[in-house]
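I opened a new notebook page for this structure. Below are my entries, in the order I looked things up.

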Amino acid sequence: MKYHKWIRYFVVFTLLCLLAALATRVGAEGDQEKRLVASVGEDGIQRVEVYGGEYYFEPKHIVVQVNKPVELSVRKGGGFIPHNIIVEAPDAGIDFNVGMGKEFQPIRFTPTRTGRYTMYCDKRFLWFKTHQAKGMEGIIEVVE
């Protein structure tokens, strides 16, 4: 009798674990679809605060308008691992490589071409994967 009781507990536990894993996966996929449209101040500058932490950027997808100045205020989230934020698109007016610290640091640029540009962290520890390979990347999308 006790044997059947343990099987039932095991089955319920396994189903709960599967449901939790599925919920986490669905939540992660939903996050990938979120886009943050930059707010435009009275001075005409598009502003966004960007946090970088243990292999993530928040927001991960930023939308800005072409030919309007942008100011990203970047800051490292918690933890002791060093991070940076890089975008290499000089032909589009977006080209920076900035280390992220505990205080907000402004990055200013004016995008000159529409398109989607990858932002990423290229840090790595010894021979391990880069932070970008671990998921620390995002998109700056420039629209009309």
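**Entry 1: contacts along the chain**

What share of the contacts between residues at least 6 apart in sequence join residues at least 24 apart? I found 64% for the protein. Contact here means heavy atoms within 4.5 Å.

**Entry 2: ground rules**

I noted that this is a predicted model, where local features need pLDDT of at least 70 and side-chain atom pairs count only at pLDDT 80 or more, while totals for chains, interfaces and linings use all residues. Residues are numbered from 1 along each chain as its sequence is written, and side-chain values use heavy atoms, with hydrogens and water left out.

I checked pLDDT next, the predictor's confidence in each residue, from 0 to 100. Its mean over the protein is 86. I saw 79% of the residues reach 70 or more. Residues 23–32 stay under 50. For that stretch the model has 0 contacts beyond four places in sequence.

**Entry 3: elements and surface**

I listed 1 helix and 11 strands. These are DSSP runs numbered from the N terminus, with at least four residues for helices (H or I) and at least two for strands (E). The order from the N terminus is α-β-β-β-β-β-β-β-β-β-β-β.

I then looked at burial. Buried means under 20% relative accessible area, exposed over 50%, and partly exposed in between (1.4 Å probe, protein chains only). Of the 144 residues, 33% are buried. The accessible surface comes to about 9,600 Å², by the Shrake-Rupley method with a 1.4 Å probe, where for residues only the protein chains shown count as cover. Carbon and sulfur atoms hold 59% of that surface.

**Entry 4: the core**

Which residues touch the most other members of the largest nonpolar core? I wrote down Leu 72, Ile 85, Phe 96 and Ile 140, out of 26 residues in this core. Strands E3 (46–53), E5 (61–65), E6 (70–76), E7 (83–89), E8 (94–100), E9 (105–109), E10 (115–120) and E11 (137–143) each supply at least two residues. E8 gives the most, with 4 residues. A nonpolar core is a set of buried Ala, Val, Leu, Ile, Met, Phe, Trp, Tyr and Cys residues joined through side-chain atoms within 4.5 Å. In soluble globular proteins, nonpolar side chains tend to be buried together.

I followed Phe 96. Beyond four places in sequence, Phe 96 is in contact with Leu 72, Ile 85, Ile 86, Val 87, Ile 107, Phe 109 and Ile 140.

**Entry 5: Ser 73**

Ser 73 is found in strand E6. Is Ser 73 buried or exposed? I read a relative accessible area of 16%, so Ser 73 is buried. Leaving aside neighbours within four places in sequence, Ser 73 is in contact with Val 48, Glu 49, Val 50, Phe 104, Gln 105 and Pro 106.

**Entry 6: salt bridges**

How many salt bridges does the structure hold? I got 6. Each is a side-chain nitrogen of Lys or Arg within 4 Å of a carboxyl oxygen of Asp or Glu.

I looked at Glu 71 and Arg 108, whose side chains meet at 2.9 Å, N to O. This pair links distant parts of the chain, with Glu 71 in strand E6 and Arg 108 in strand E9, 37 residues apart. Glu 71 counts as buried at 13% relative accessibility. Arg 108 is exposed at 61%.

Asp 43 forms a salt bridge with Arg 47, the closest N and O atoms being 2.9 Å apart. Asp 43 is partly exposed at 48%, and Arg 47 is partly exposed at 33%.

Arg 116 and Glu 141 meet in a salt bridge at 3.8 Å, N to O. That pair also links distant parts of the chain: Arg 116 is in strand E10 and Glu 141 in strand E11, 25 residues apart. Arg 116 is exposed at 54%, whereas Glu 141 is buried at 13%. I then noted a network: salt bridges that share partners join Asp 43, Arg 47, Glu 71 and Arg 108.

**Entry 7: a surface patch**

I found Phe 125, Leu 126, Trp 127 and Phe 128 in a nonpolar patch on the surface. Together they have about 520 Å² of accessible area. Patches are made of residues with over 30% relative accessible area and no salt bridge; like charges are joined within 9 Å, and nonpolar side chains (Val, Leu, Ile, Met, Phe, Trp, Tyr) within 5 Å. Leu 126 sits in the loop between E10 and E11. Leu 126 is exposed, at 52%.
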